[in-house]
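Here is a short note for someone opening this entry for the first time. Please keep the structure in view while reading the points.

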Amino acid sequence: MSNVPTLLTYKVKLFFAPSYRGKFGPLPLIALMILFVPSGAGVGFAFGAYMDTLGTEQLTATLGAALSAMLAFGFIFSLGVGITAQPSELDFLMTSPIKSREYLVADLLFQLTSIMLAGGIAMFAALIGLLAGMGAPLVRAIPLVLVMAVYGLMIVLIIQSVTIAKIRYPNARVRELTLLLLLLSAVAMLPALGASFGVDFATLPIPQAAFAVLADSAIFGTSPDVSSLVVAGIYFAGIGALWLRLSGMYFFYGIKPTLSGGFGQVDMGTKMAQQRRMIGLFGGLTDKIALKTDVGGDLSLMTRLSLVRIWRDGSIVFVILLLGLFIGIGLWGSSSSDEPAGMDYNTLQGATWPIAILAINWCYYERENLWIPVVGGRSLVTYFRGLMTSLVLIGLVMSAFMITIRALIQMRVDMAELAFMMLAPVGTSVFAATLLTRVRVKPGAFSPGLLAVLFVTFTGGAGIAFSGSLMVGAIGSSTAVLVAAQVVVAVAFAIAIYYVGQVAVSSLSRTFKFQ
Amino acid sequence: MPEPTVRIENLWKAYDGTQALQGLSLAAFEGEIVGLIGPNGAGKTTAIKIIVGLLQWDRGEVHVFGHNILADSISYKEHIGYMPEAPALPEYLTTSEFLGYVGRVRNVPKEQLPGRVSEMLRDFELTGKAKETVATLSKGMRAKLAFAAATIHKPQLLILDEPLLGIDPAGQRLLKDRLVGMAKQGCSILVSTHQLDTAERLCTKVAVIHRGKNVATGDLESLRGQAHAGEHQTLEEIFLKLTEEAGQPEPDMPRRKGLFSRK
């Protein structure tokens, strides 16, 4: 175990160094930690106040659901990377005479350290807030933290064990078993949503239920339930024994590098390798749509090039996932209300964030390819106009999908709402393409360029959508003529925004700086 | 004396206060293969990026086909081909789509494009990969594809930055034969390389660049003379001698006198 401190120091430095090597030293990192303290305490307090209104059974079910979510996250992580190793660790540390267990202990300590450094203060504030919200003495945070720490440690041990088992026993269907356990963890969250199917999850001998009962005892200051203590102890000891057995095995050859280049950073080399894998994986399917380079004008070529990229490089998956998420939330929200919800914050997010994400992906994956038109003697005007057109087209398809779903559920379409959902992606695309001619995004959460792309496109798109829908709404819809006028105004407004965007992008891209 | 295809005069370029080029001068004529050799950080890639229009310089002049590229920074590019060191390629395109895209950007007429793409794929032994995405290609195949893209429009000036890196011997031979063939047809070729034996055999002229300036230029005989080297000394020995001799303190960049000048 003599190498553990060295390995841990290297991992911690590698992870946190990029975030404090900037102009302001460690201040952004400290600011980020402090920034989430009030919100952590606030959320904890609100949650505590809510939990105070629940009966003991409901409280245990809610805590159990939260712990199940943590476990499910652990299973998801173990299905992916599992053990955190950056490319340089693979090249230099894992080729050194380091024992598997030494590396695992260092990784375990690193995961706990990074969680504590990145979000520990906010999490502690949330726990204090929770106790305060429930009116419980704050000193009970100590046993509560202890229970949570043991549970967290157990999850990290599970993650490491599953990862090693995946590598060492490739034919043992470890992945399938993990997926099954993930599904069961998800099912154990259902009681918190009021869907228990007659099963009392709190009494089942599962770890999250046992730890939830123990957390309950910590909050209320009662002596811990013996049976839960035994169940939790058995699980912890069993997982610990499994970890002890597996951690002695050599597994370095199966480790994949993590995507993160550090706290809030992205390792571009790994990201590009991941993109290559994704393109290769779906190649047989995505290549069915081909880019014909010998037909169409220049704007058409550049628009199709951008669409083909989004279709093939995995960006479309982000669009579908985000859209699905916001549609799902929207449906959940609208089912509890009779009011049309087309112009709500959720719809706005669904119509804008996917475009902003596409813009970020462009910065990561495509910007470097601009050397091709630049050295080819082409101005980038057509390129950026094509990029903007492709974003508008994707945005309109997204909105059409959302409008169709809303129309099917609510059986009516409000013109102002329609204009809002059509103009939001058009406006967002215009702002995104305009920004991309000027902003250079560094791959990290602290990049001002990234934040600018995300928030300027969102607020710009929102502004356009609100102003357009207000204009359309002001016309009124009492007669067929007025409705027709609404349609004309909405379409004209969208076309005007598109053309203003084309002019702005054309002008700015003439002075685009590639390097 | 014919007009050089590329003429660089007293070129200066600094990155954040660090001088990358310190008065570099260079010329390449029609049909010449000019090798740019020099230690890491000598300024070879900086000079190349300036010629192809990817970098702005601080002082000096760059003429391509007799035209000052500062005066017209677009039209001269129609006749140049460029292959960067470790090129970023659109991973999501198939090899034929990529060549078609570059062909369109390089103004290859649409009706000639499919034929030209097929020809390039055949010449560079990539026909079997025509429908596969760039993401699936090996390092050597990517280099061959980048080379094909640099030459798809039959350029009059070809600029290559470490083109043979990561390519197997057969692939290297293919590219070198292609370069010699293009030079015979009158194409000027500027190639940056660390492979001195390749430069010795392939290039008609070699420019030794050190600390951002050209310390010697000429064919092997001429370089021997400039380095006072024996007739059996290789380019590697000459290169080491020239760069060691040139290891004197760096000169200051000439500056315009301004209000706050000390002199």
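**Pocket and interface**

1. The largest pocket holds about 1600 Å³ of space. A pocket here is an open set of points on a 1 Å grid over the protein atoms alone, where a 1.4 Å probe fits, with protein on both sides within 12 Å along at least five of seven lines; lining residues have an atom within 4 Å of a point. The volume is the space filled by probe spheres set on the points, which are joined across faces, edges and corners.

2. This is a predicted model: local features need pLDDT of at least 70, side-chain atom pairs need 80 or more, and totals for chains, interfaces and linings use all residues. Residues are numbered from 1 along each chain, chains are lettered from A in the order written, and side-chain values use heavy atoms, without hydrogens or water.

3. The lining of the largest pocket divides into 32 nonpolar, 11 polar and 2 charged residues (Gly counts as polar). α5(A) gives the most, with 13 residues (helices are DSSP runs, H or I, of at least four residues).

4. Between the chains, 34 residues of chain A are in contact (heavy atoms within 4.5 Å) with 35 residues of chain B. The two chains bury about 2900 Å² (accessible area lost on being put together, 1.4 Å probe, summed over both), 60% of it on carbon and sulfur atoms. A:Trp371, A:Ile372 and A:Val375 supply 21% of the area that chain A buries against chain B.

5. A salt bridge (Lys or Arg side-chain nitrogen within 4 Å of an Asp or Glu carboxyl oxygen) joins the side chains of B:Glu97 and A:Arg312, at 2.6 Å, N to O. The count between chain A and chain B is 2 salt bridges.

Terms used. Helix = DSSP H or I, 4+ residues; strand = E, 2+ residues; numbered from the N terminus.
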